[in-house]
Amino acid sequence: MTIKHEVPSYLTQHGIGPWGDYLEQIDRVTPYLGNLARWVETMKRPKRMLIVDVPIERDDGTIAHFEGYRVQHNTSRGPGKGGVRFHQDVTLSEVMALSAWMTVKNAAVNVPYGGAKGGIRVDPKTLSQGELQRMTRRYTSEINIIIGPNKDIPAPDVNTNEQIMAWMMDTYSMNQGSTASGVVTGKPISLGGSLGRREATGRGVFVVGCEAAVKRGLNIHGAKVAVQGFGNVGGIAARLFSEAGAKVVAVQDHISTVVRSSGLDVAALQAHVNETGSVAGFKGGEEISDRAQFWAVDCDILVPAALEQQITVENAPSIRAKIILEGANGPTSPAADDILHEKGVLVVPDVIANAGGVTVSYFEWVQDFSSFFWTEDEINLRLTRIMREAFAAVWQLAEEKKVSLRTAAFIVACTRVLQAREMRGLYP
Ligand code: NAD
């Protein structure tokens, strides 16, 4: 008997938004999945999606409501895992895509997790610390029914940090009556956080960047690097490249773009950002007013480390980099991917390039369960090994199948997820 699926419209928006980009990536990989392709629909349907109302009392006594989400895309290989984003443009569709990319990423680097993501549609810069804490705690309480150390483990993402994770851990623990440090990762060290976690994503970007440079015959020493986004991921990646002798020639954030062809002083720029909240007004470089010009900057390595859908058919033709390291999730549209491929630009996809964060989140979770904590050297060594091995495996498959690194990474990941799906079988 053939059963006809009624597919809800929000699941099928090909070409629209990040979820549309994700669907297209899955369509591109399906021909390489052999018999497992019969399970591919699994990848196109998030397992569970929760939308919550998050009301808080503001400092002036008024009541504000925010919309929150937690999406568990897939849990075939283990509990859900993925960050929480606070941003004014967060939508359900965006969180669906981000949760799906987590499924692919966790499988691509072979950590025993499914994929999940969460977010609140809010500009946190408009909240006081007290309001931010109340919103975080109420959101955590609302999603409490689906998260937990063995169910779904949130972590930091755009505009969330160790303090937010501490509030989330405390709220979950208060609700259940005992301390559950393994419910979130990216916590402060004093609460069971891991050494090296704060830097892990940027470090992973740097490690795969060095591997990609070897493949392209590029010397990191003296290489020109441009970075979009100077937060956790972009800031650390820029620092590590600069410490390795590369020249960080351009940095763009949500307000401004700063360039210096002889290389920006990254430590001074970081100090400026810590003080002012933006690269705008930094005296050690020239500010350019046309944001689009960032993409045409003369550089060898380009690191998009801000938001998704930044590299498009409009700006891809002007990109001069030899290598793109996707620090951000979903920064390149499928059509832009094709343009870059034609130009011979090596794109190291997000699901490999920024997997360092979830890898050390995994280490944090393991350390919390065993209550035995590792040294920073041990963590960085294990991180580096996992990143290099994942890059090498994907590189080899890309050569064999004559596909892009993204398609190769998706083949590795979807095969692992769908094999698990098939072995487990359908319940009931
Ligand atoms: P963050 O909040 O620390 O920093 C975000 C940066 O992006 C800031 O510098 C901000 O000014 C900039 N930005 C925001 N909007 C912008 C715009 N329109 N144009 C240019 N710059 C803009 O966030 P983060 O944790 O560094 O995350 C950045 C990206 O990396 C996101 O795509 C996130 O999903 C991804 N990522 C983060 C982690 C992690 O561990 N934090 C792990 C994997 C992937």
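**Exercise 1. Is Glu94 buried or exposed, and at what relative accessibility?**

Some ground rules first. This is a predicted model, in which local features need pLDDT of at least 70, side-chain atom pairs count only at pLDDT 80 or more, and totals for chains, interfaces and linings use all residues. Residues are numbered from 1 along each chain as its sequence is written, and side-chain values use heavy atoms, with hydrogens and water left out.

*Solution.* 
- Step 1: Buried means under 20% relative accessible area, exposed over 50%, and partly exposed in between (1.4 Å probe, protein chains only).
- Step 2: apply them. Glu94 has 9% relative accessibility, so it counts as buried.
- Step 3: Glu94 sits in helix H2, residues 92-108. Helices (H or I, at least four residues) and strands (E, at least two) are DSSP runs, numbered from the N terminus.
- Step 4: list the partners. Contact means heavy atoms within 4.5 Å. Not counting residues up to four places away in sequence, Glu94 touches Pro18, Arg85, Asp89 and Glu308.

**Exercise 2. Describe Met102, which is also placed in helix H2.**

*Solution.* 
- Step 1: take the accessibility. Met102 is at 5%, so it counts as buried.
- Step 2: collect contacts. Beyond its neighbours within four places in sequence, Met102 meets Lys81, Gly82, Gly114, Gly115, Ala116, Lys117 and Val358.
- Step 3: Gln72 is 30 residues from Met102 in sequence, with 9.6 Å between their C-alpha atoms.

**Exercise 3. What distances separate the ligand's oxygen atoms from Asp157, Phe230 and Val233?**

*Solution.* 
- Step 1: start with the side chain. A polar side-chain atom of Asp157 lies 2.6 Å from a ligand oxygen atom.
- Step 2: turn to the backbone. For Phe230, a backbone N or O atom is 2.9 Å from an oxygen atom of the ligand. For Val233, a backbone N or O atom is likewise 2.9 Å from a ligand oxygen atom.
- Step 3: take the cover. On its own the ligand has 830 Å² of accessible area, and the protein covers 87% of it. Accessible areas come from the Shrake-Rupley method with a 1.4 Å probe; for residues, only the protein chains shown count as cover.

**Exercise 4. Inspect the backbone at Asn110, Lys402 and Pro428.**

*Solution.* 
- Step 1: recall the background. Most residues other than glycine have a negative phi, and most peptide bonds are trans.
- Step 2: take Asn110. Its phi is positive, about 65 degrees, although it is not a glycine. Asn110 lies in the loop between H2 and strand S4 (115-121). At 45% relative accessibility, Asn110 counts as partly exposed.
- Step 3: take Lys402. Its phi is also positive, about 55 degrees, and it is not a glycine. Lys402 is in the loop between helix H11 (376-401) and H12. At 73%, Lys402 counts as exposed.
- Step 4: take Pro428. A cis peptide bond joins Tyr427 and Pro428, with omega about 5 degrees. Pro428 falls in the segment after helix H12 (405-424).

Key
Polar contact = N/O pair within 3.5 Å; in protein donor to acceptor, adjacent residues only side chain to side chain.
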